[in-house]
Amino acid sequence: MRYLLSLFVLMLAACSSVPEKMYYQLPMKSSKVQNVEVMSKNQVWLQRIMLSDVLTSNGITYQTSDVSYSNASTHLWASPLEQQLGQSMVSELSTALPEQLVSLQALQNSPDTLDITLTAFNGRYDGIVLVQGFWTFTQGKEVTRRNFDVQLEQKEDGYPELVRTLALGWQQVADGIAKEVIER
């Protein structure tokens with residue numbers, strides 16, 4: 001009997017120590033509503049966002065050493081990361097490029113297209129947050145490819161601050177893309 005009681009107490013203690021799952025969403029500015037007349041002008045179609053394999057988990061990625069990574073099991077993205085990144089990029093570019101219709105879907109036959117590949121979107125063991133990869137912008141027959149390497153210091157510990165810092169890095173990538181598109 002004493003053995004069963006001890007086993008019950010141990011099982012109850014184990015159940016109560018299961019960590020609670022936390023879900024995170026990239027913070028986004030509300031985008032301005034674009035006029036219908038913009039549709040007749042240039043459209044930028046965010047065709048796809050590709051993630052390196054380590055980023056495809058629903059857990060937030062953290063680099064634990066120079067060669068190892070961990071995907072959190074209790075700190076999770078609230079929706080697929082590609083989806084959040086796409087919505088955020090459309091919002092940022094719509095604000096920066098008010099004369100262009102920026103969309104996640106093609107609304108005309110030959111839109112300008114933007115493809116983004118992320119090789120890093122994670123925190124690192126030394127407090128640095130990485131947003132790295134490259135983007136390709138196709139306008140007619142002209143193709144522009146640019147690498148990006150944003151490294152920011154995480155000001156406070158914790159996943160909420162990591163997510164905010166990742167969003168800031170992503171915004172810097174959007175600013176760089178917008179400047180390039182405006183110069184065309």
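Visitor: Which strands pair with β6, and in what sense? Start with β2.

Guide: β2 and β6 run parallel, joined by seven bridges. Keep in mind that this is a predicted model.

Visitor: Which residue stands opposite L118 there?

Guide: L51 stands opposite L118 in β6.

Visitor: And how many bridges join β3 to β6?

Guide: Two bridges join them, and the strands run parallel. β3 covers residues 59-63. Y62 has G123 of β6 as its bridge partner.

Visitor: What about β7, parallel or antiparallel to β6?

Guide: Antiparallel, over 10 bridges. T113 stands opposite T138 in β7.

Visitor: How many residues lie between β6 and β7 in the hairpin?

Guide: Three residues separate the two strands. In the turn, G127 has a positive phi of about 90 degrees.

Visitor: Is β6 mostly covered or mostly open?

Guide: Mostly covered. Of its 13 residues, 11 are buried.

Visitor: Take D112 in β6. Buried or exposed?

Guide: D112 is buried, with a relative accessible area of 7%. Why does that count as buried? The cut-off is under 20% relative accessible area.

Visitor: What does D112 contact, leaving aside neighbours within four places in sequence?

Guide: Its contacts are N42, Q43, V44, W45, Q100, F137, T138, Q139 and G140.

Visitor: N42 is on that list. How far is its C-alpha from that of L101?

Guide: The two C-alpha atoms are separated by 6.6 Å, while the residues are 59 apart along the chain. L101 belongs to strand β5, residues 101-103. L101 is buried too, at 12% relative accessible area.

Visitor: How many aromatic pairs are in the whole structure?

Guide: A search finds three. One of them is Y24 with Y159, with ring centres 6.3 Å apart and planes at 35 degrees, so the pair is tilted.

Visitor: Where do Y24 and Y159 lie?

Guide: Y24 is in strand β1, residues 22-24, and Y159 is in helix α3, residues 159-182. The pair therefore ties together parts 135 residues apart in sequence. Y24 is buried, with a relative accessible area of 10%. Y159 is partly exposed, at 23%.

Visitor: And the rings of F121 and W170, what is their geometry?

Guide: Their centres lie 6.2 Å apart and their planes are at 85 degrees, so this pair is edge-to-face. F121 lies in strand β6 and W170 in helix α3, so the pair ties together parts 49 residues apart in sequence. W170 is buried at 1% relative accessibility.

Visitor: Something else. Where does the charged end of R145 sit?

Guide: Over the ring of F134, 3.8 Å from its centre.

Visitor: Step back. How many helices and strands does the chain have?

Guide: Three helices and eight strands. Along the sequence the pattern reads α-β-β-β-β-α-β-β-β-β-α.

Visitor: What share of the residues is buried?

Guide: Of 184 residues, 41% count as buried. The chain exposes about 11,000 Å², with carbon and sulfur atoms supplying 53% of that area.

Visitor: And of contacts between residues at least 6 apart in sequence, what share joins residues at least 24 apart?

Guide: That share is 66%.

Note on methods
Residues are numbered from 1 along each chain as its sequence is written. This is a predicted model: local features need pLDDT of at least 70, side-chain atom pairs count only at pLDDT 80 or more; totals for chains, interfaces and linings use all residues. Side-chain values use heavy atoms; hydrogens and water are left out. Helices (H or I, at least four residues) and strands (E, at least two) are DSSP runs, numbered from the N terminus. Buried means under 20% relative accessible area, exposed over 50%, partly exposed in between (1.4 Å probe, protein chains only). Rings of Phe, Tyr and Trp (its six-membered ring) pair if their centres lie within 6.5 Å; planes under 30 degrees apart count as stacked, over 60 as edge-to-face and the rest as tilted. A charge sits over a ring if NZ of Lys or CZ of Arg is within 6 Å of the ring centre and within 35 degrees of the ring normal. Contact means heavy atoms within 4.5 Å. Accessible areas come from the Shrake-Rupley method with a 1.4 Å probe; for residues, only the protein chains shown count as cover. Two strands pair if DSSP finds at least two bridges between them.
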